[in-house]
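This briefing is written to be read alongside the sequence and the three-dimensional structure. Please keep both in view while going through the points.

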Amino acid sequence: MQVAVFILVVLVLVALSGALVRLVRVPLPVLQIAMGAALAWPARGLHVEIDPELFLLVFIPPLLFADAFAAPKRELVALRGPILDLAIGLVFFTIVGFGYALHWLVPSIPLVVAFALAAVLSPTDAVAVSSIVDRNIVPARLMHILEGESLLNDASGLVMFRFAVAAALTGSFSFAAASLSFLYAVGAGILAGMVALFVAAKALQLLNRIGGVPAEAQVLVMILVPFVSYLGAEHIGASGILAAVTAGLLTGVSGMFRFLGVSARMQTMSLWSTLSFVFNGALFILLGLQFPDIIRKVPPELSSRHWIIEPVLTVLLLTLCLIGLRFLWIWIGDMAGAMSARLGKRKAEPFGLRVRLAGSVAGVRGAITLAGILSLPLTLQDGSPFPARDVVIFLAAGVIICSLAIASLALPKIARGLVEPGEDPAAAEERRARVGAANAAIARIESIANEAGEGGAVEARLAVADSIVAGYRRRIAASDEADEARAEAREASRLELELRAAGIEAERAALRAMFLSREINDHTMRALFSEITLTEALLKQRRDRK
């Protein structure tokens, strides 16, 4: 019963945070972490012990799968160079640079343990990045690079973290063995994601052949894909995170959706959207629940002189060190890319100073870092306590909070003015696609309407075709380059949406009245309400795009 109550409380807080974020000027993850911390801070506040492996299984695969599925594949392929440079090269650079800096700043932490903390701090959080970084103020190219990096560096960071922990437990480290293990974890992880996707596609194809299978069964297959890919990869010692990301990236091009019915497609998209919001919120609230207990246990190694100032200053310096290392690596990669473009006689597109700084500050840490550091073993193989375990857990939690705070405060100021005013290239591309699709539809409808037929049938077909074509022409006019024509079309479209919305409300009221007077039963009412809701959703989508 206590677990059930706790889950309900977390869900209530997630829903409440969605409303409060409209009233307070802080990113949603920061607000949710604060709500979790406030819930756990009192002496008798709620607290939950997190099993790191269960934490990773429940939250990380579906969230990374959803982010990978929604990521712009064309842009990720085009920017694969800088993305891989950050997702792999920066991880190793961070491990070495931050590891030595941490060992120098806090000598009580052994160097191998410092490398372990650096490895688990190297991945950026895809969820936090997308929540904090506003697409309207950050250049699209930088945003795509940040998204791609955060999807891939989780695997490289956690794999190196495992190697560092193994070295701390055994007292030995083999660079050759670690390199081979890393390549295996990456290659086998990608393969596991592809296999899981293939199995899911075959399962959907089988359900489609059987016929009459409920849409909910098809939706369940889609929901299981990230978990199956993650568990399959972990079972063979590969990267489960990379498997889930691979499955998400390839889902759209795998052709799976052709085996889903219309209802199953709609339910899948709606359910994933809801799960993503709920899991994101619950994840950050759970992180907030952990922080008060971690902060209360300030390690004596960090508070020998000043109980508050010394730990806070240490965390701040380490966070700035991470930002500095990231800025240096981005600058080096940017210069190397520009030089390579000149040698290849290509057009160079280097980032400016402010864009590099924005990319450095946007590398916030989150769930992966905390889940990874909490998985540190309690003892070594000889039974002695794991060295500096409490210290690195405290520092990891502090860096998560500090990186989120710095990004929330500094990033809007750094990025202001980086994006030139004007039409968003993505919006322009969407407008061109709408015009092209509408013209193709008009041509096809007119071709069908002009086919030979009997007299009355031809007239009826032409009348219906004219009505449908008029709607497509209004859509084209709304996307016209001329501002005046577009404004007139948009005003007509706005009036149409208002009238349709009024009609929908009248339909709903009439159905409710018929149900109350027992003219229709609840089954009929739900079926018709579902149709009305679908129509209303489509109208809302059109209204939001205006």
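The points below go from the overall fold to the nonpolar cores, the salt bridges, the surface and selected local features.

The structure is a predicted model. The protein chain contains 20 helices and zero strands. Of its 546 residues, 42% are buried.

**Overall fold**

- The protein chain exposes about 28,700 Å², and carbon and sulfur atoms supply 65% of that area.
- Among contacts in the protein chain with a separation of 6 or more, 78% are between residues 24 or more positions apart.

**Nonpolar cores**

- In soluble globular proteins, nonpolar side chains tend to be buried together.
- The largest nonpolar core holds 106 residues, and the members that touch the most others are Ile109, Leu117, Ile373 and Leu395.
- Helix α16 (residues 389-415) gives this core its largest share, 15 residues.
- Leaving aside residues up to four places away in sequence, Ile373 touches Leu117, Val120, Phe161, Val392, Ile393 and Ala396.
- Another core, of 20 residues, lies apart from the largest one, and its members include Ala201, Leu204, Ala215 and Met256.

**Salt bridges**

- Side chains of opposite charge can pair when their charged atoms come close.
- The count of salt bridges in the model is three.
- Glu149 and Arg326 form a salt bridge in which the closest N and O atoms are 2.7 Å apart. Because Glu149 belongs to helix α8 (residues 140-170) and Arg326 to helix α13, this pair ties together parts that are 177 residues apart in sequence. Both Glu149 and Arg326 are buried.
- Arg162 and Glu234 meet through their side chains in a salt bridge, at 3.3 Å from N to O. Arg162 is in helix α8 and Glu234 is in helix α10 (residues 215-235), so the pair ties together parts that are 72 residues apart in sequence. Arg162 is partly exposed, with a relative accessible area of 41%, and Glu234 is also partly exposed, at 27%.
- Asp334 and Arg356 form a salt bridge with an N to O distance of 3.1 Å. The pair links distant parts of the chain, with Asp334 in helix α13 and Arg356 in helix α14 (residues 353-361), 22 residues apart. Asp334 and Arg356 are both buried.

**Nonpolar surface patch**

- Ile308, Ile309, Val312, Leu313, Leu316, Leu317 and Leu320 make a nonpolar surface patch of about 620 Å².
- Val312, one of the patch residues, is placed in helix α13 (residues 309-343). Val312 counts as exposed because its relative accessible area is 53%, and the cut-off for exposed is over 50%.
- Ile308, also in the patch, is placed in the loop between α12 (262-296) and α13. Ile308 has a relative accessible area of 46%, so this residue counts as partly exposed.
- The C-alpha atoms of Ile308 and Val298 are separated by 8.9 Å, with the two residues 10 apart along the chain.

**Helix α2 and Pro29**

- How far apart are the end C-alpha atoms of helix α2 (residues 28-40)? They are 19 Å apart, which agrees with the 18 Å that its 13 residues should span at 1.5 Å a residue.
- The buried residues in α2 are Pro29, Leu31, Gln32, Ile33, Met35, Gly36, Ala37 and Ala40.
- Within helix α2, Pro29 counts as buried because its relative accessibility is 1%, where buried means under 20%.
- Pro29 and Ile285 are 256 residues apart along the chain, and their C-alpha atoms are separated by 8.3 Å.

**Backbone at Ala388**

- Ala388 has a phi near 60°, a positive value in a residue other than glycine.
- Ala388 is found in the loop between α15 (367-374) and α16.
- Is Ala388 buried or exposed? With 17% relative accessibility, Ala388 counts as buried.

Methods: Residues are numbered from 1 along each chain as its sequence is written. This is a predicted model: local features need pLDDT of at least 70, side-chain atom pairs count only at pLDDT 80 or more; totals for chains, interfaces and linings use all residues. Side-chain values use heavy atoms; hydrogens and water are left out. Patches are made of residues with over 30% relative accessible area and no salt bridge: like charges are joined within 9 Å, nonpolar side chains (Val, Leu, Ile, Met, Phe, Trp, Tyr) within 5 Å. Accessible areas come from the Shrake-Rupley method with a 1.4 Å probe; for residues, only the protein chains shown count as cover. A salt bridge is a side-chain nitrogen of Lys or Arg within 4 Å of a carboxyl oxygen of Asp or Glu. Helices (H or I, at least four residues) and strands (E, at least two) are DSSP runs, numbered from the N terminus. Buried means under 20% relative accessible area, exposed over 50%, partly exposed in between (1.4 Å probe, protein chains only). Contact means heavy atoms within 4.5 Å. A nonpolar core is a set of buried Ala, Val, Leu, Ile, Met, Phe, Trp, Tyr and Cys residues joined through side-chain atoms within 4.5 Å. The expected span of a helix is 1.5 Å times one less than its number of residues.
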